[in-house]
Amino acid sequence: MRMRAVWRLWSPGRGSRSVGDSARRRINASCPRAAYLGLLAGMALKPVLGKLGSKRVVLASASPRRQEILCSVGLRFEVVPSWFKETLEKSSFATPYKYAIETAKQKALEVANRMHVKHLRTPDIVIGADTIVTVDEHILEKPIDKQDAYRMLSRLSGKEHSVFTGVAIVHCNSKDNRLETEVTDFYEETKVKFADLSEELLWEYIHSGEPMDKAGGYGIQALGGMLVEYVHGDFLNVVGFPLNHFCKKLVELYYPPPKHTIHHIKHDSIPSVETFENLSDEENDSSSPLQYKGAIKLDRSKTHSSGGVCSPGSSNIIKPNCMMPVENQNGVMENPDKFPSKILELLDGFRASKALFVASKLKVFDLLKNKGVLQAVDVANTINSSVCGTERLLDACAALGLLEKTLQGYSNSDSANIYLASDSEDSLHGYIIHSDDHLWPLFTHLESAVKEGTMQNYRAFGKKSENLFQDSYYQSMEVKQRFMAAMHSIAKLTAKDVATAFDLSQFRSACDLGGCTGALANELVQKYPNLKVTVFDLPEVIANVSHFQPVRQHTAPVTFTSGDFFKDNFPEADLYILSRILHDWTDEKIHMLLSKISAACKPGNALLVAEIVLNKEKIYPPRAVLQSLSMTEGKQRSASEYKQLLEKYGFTSVQIKITGNFLDTILGFRKLSSH
Ligand SMILES: Cc1cn([C@@H]2O[C@H](COP(=O)(O)OP(=O)(O)OP(=O)(O)O)[C@@H](O)[C@H]2O)c(=O)[nH]c1=O
């Protein structure tokens with residue numbers, strides 16, 4: 001066998017196929033079993049992708065082959081090559097595979113520790129691997145030079161040898177600033193038989209440069225494939241990563257069979273949302289009134305690294321544009337422009353939102369909260385839907401991390417039980433239904449909204465709205481209740497942050513203007529037992545607040561007073577509160593409202609505003625900017641704009657606290673002399 005004849009086909013830079021291309025070709029053509037295993041692995045990985053999708057997965061390997069193999073099945077991960085030196089004493093291991101496993105483990109642990117110590121966000125999972133070749137009781141790793149490669153390849157010539165890859169999956173948890181790890185490891189063995197290699201062929205191969213970064217001194221997926229007579233076992237295991245076995249391990253870990261004593265790994269299915277407010281220099285100088293709760297201010301490019309991240313769902317075995325990550329200063333491989341993951345995520349965003357809306361509307365999460373685990377057919381029967389449609393919806397929810405899927409059926413994730421079941425204490429159900437019924441139709445007319453610069457109530461609902469609340473939200477009992485439920489769920493979610501952003505214990509009475517169901521008011525009386533809170537809202541709202549009240553109230557109840565804050569006098573109070581009010585109204589209406597508050601507020605008393613505070617450029621956080629697209633008459637404001645606004649109406653010592661949560665808070669004290 002001579003290589004030169006076929007060299008042109010393979011030589012890099014001459015239209016050579018990618019490693020993956022040749023690997024796939026080889027899988028399909030010369031190794032049908034491996035092809036089958038590869039496919040099976042891809043299928044087995046898909047359900048677990050949902051599990052890993054919300055996690056920070058790190059591949060502790062510099063091997064481009066490993067990156068490609070994992071990338072090809074759509075796993076999202078960062079690449080942080082391990083600095084662990086492969087110098088474990090081989091003779092101290094009873095078998096070669098134990099050596100490979102231990103090395104894989106040490107590689108992964110080194111990365112987990114390094115990332116933890118460097119205060120990068122501790123990864124959730126670190127994957128390490130080590131591939132070795134064994135022949136005649138010798139362990140062959142990567143050759144150190146050409147002579148070494150020659151020695152290895154001549155040992156392999158004409159013989160069968162074993163390729164072992166040890167893999168370690170390290171689950172990380174940061175507790176009290178200490179790193180806790182749980183390691184799952186395994187190995188895979190593949191037998192490979194080499195043809196007899198002539199000296200000439202051997203040296204020609206060595207001079208190709210291919211052997212140098214590969215265990216045993218060859219690459220089966222490329223030129224080295226021509227040296228191989230047969231492969232018994234998983235082909236990808238030889239290439240560097242036993243994908244099939246890995247998938248089975250993940251299934252074992254994440255979908256344990258019933259009554260089996262595999263440890264459960266606690267995890268949150270919904271990715272945690274971090275907001276790192278990027279405030280302007282001007283707003284952020286030492287004299288700034290801004291305060292950061294928890295003082296966590298991270299560089300977003302580090303925490304949301306796109307390094308080596310590939311989008312799930314890619315079907316090609318190998319995706320060259322998922323490759324070539326570049327190591328940054330933290331040792332994290334980054335691949336910023338090679339794959340438009342972010343764009344694809346945005347592109348699919350509407351599908352994900354709608355899947356959440358429909359599952360919520362059909363009360364899937366309620367059903368699963370009550371029943372535990374159900375098969376698709378049982379869910380379909382209960383929600384009066386087709387089995388095939390329900391199954392697809394449930395799978396979508398599982399892929400999005402909202403549900404868990406096992407052989408026994410579907411069940412709620414922890415987050416679904418807490419936030420999606422409609423009867424949960426912290427349920428977002430009301431807001432989700434409002435988003436589907438009200439915001440979705442409005443946003444389908446976004447193009448007209450942008451062209452005309454107006455809210456699209458007429459197109460979406462067949463009627464113009466002069467007054468957002470009276471004409472839109474309170475026009476029918478059903479819509480009103482839906483809107484109130486939506487406001488209630490958001491207010492509950494944000495109440496703690498708003499109530500605790502500043503120490504309000506100096507105030508004895510507060511009036512929450514437009515306080516709707518009293519969710520914030522109830523939080524305030526819990527937090528400040530000496531504070532009496534009145535909620536002031538439209539009569540049609542107040543008439544409907546009773547069923548939103550907490551069942552067990554240990555503090556003095558909140559008082560509700562009805563009226564229109566633009567027209568009517570509101571109760572006297574030490575502290576006035578405007579939570580999510582100002583962004584909805586025109587400057588003219590705001591002028592009316594703030595003038596009234598300013599007049600009612602005695603010197604030394606205060607106004608607390610809760611809104612999303614924009615950064616100086618007014619493009620962050622995105623949820624505020626996207627809210628603006630509804631084209632209500634009002635607008636979102638930056639920190640300095642809120643400060644100016646409050647000062648204009650006689651409030652001084654204005655402080656702004658970025659909570660890092662859904663709502664930020666602004667507190668201003670009424671000046672002694674009126675403006
Ligand atoms: C037999 C064979 C091996 N390899 C590569 O050999 C390296 C093994 O070395 P390792 O120490 O396990 O990994 P590494 O490359 O040093 O990376 P790291 O994980 O950072 O230690 C890995 O690359 C594998 O793909 C091939 O590409 N094709 C083959 O047919």
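## Briefing: a helix, a helix pair and some backbone details

Let's start inside helix H9, where Leu243, Asn244, Phe246, Cys247, Lys249, Leu250, Leu253 and Tyr254 are buried (under 20% relative accessible area, with exposed meaning over 50% and partly exposed in between, using a 1.4 Å probe and protein chains only). The model is predicted: local features need pLDDT of at least 70, side-chain atom pairs count only at pLDDT 80 or more, and totals for chains, interfaces and linings use all residues. Residues are numbered from 1 along each chain as its sequence is written, and side-chain values use heavy atoms, leaving out hydrogens and water.

**Overall picture**
- The protein has 26 helices and 21 strands; these are DSSP runs numbered from the N terminus, with helices (H or I) of at least four residues and strands (E) of at least two.
- Of its 675 residues, 52% count as buried.
- Among contacts (heavy atoms within 4.5 Å) with a separation of 6 or more, 70% come from residues 24 or more positions apart.

**The length of H9**
- H9 covers residues 243-254, and its twelve residues should span 16 Å at 1.5 Å a residue; the expected span is 1.5 Å times one less than the number of residues.
- The end C-alpha atoms of H9 are 16 Å apart, in agreement with that expectation.

**H12 against H17**
- Helix H12 (residues 341-361) packs on helix H17 (residues 429-444) at an angle of about 120°, and their axes are 9 Å apart. Axes are lines fitted to C-alpha atoms, for helices over the stretch in contact, and angles run from 0 to 180 degrees between N-to-C directions.
- H12 and H17 are therefore oblique to each other, given that angles under 35 degrees count as roughly parallel, over 145 as roughly antiparallel, 65 to 115 as roughly perpendicular and the rest as oblique.
- On the H12 side, Phe350, Ser353, Lys354, Leu356, Phe357, Ser360 and Lys361 take part in the contact; they meet His429, Ile432, Ile433, Ser435, Asp436, Asp437 and Trp440 of H17.

**Backbone details in two loops**
- The loop between strand E18 (613-614) and helix H25 (622-628) holds Pro621, and the peptide bond from Tyr620 to Pro621 is cis, with omega near 0°.
- Lys618 sits in the loop between E18 and H25 too; its phi is near 60°, a positive value in a residue other than glycine.
- Lys618 is partly exposed, at a relative accessible area of 33%.
- Asp136, in the loop between strand E3 (125-135) and strand E4 (138-140), has a positive phi near 45° and is partly exposed, with a relative accessible area of 44%.
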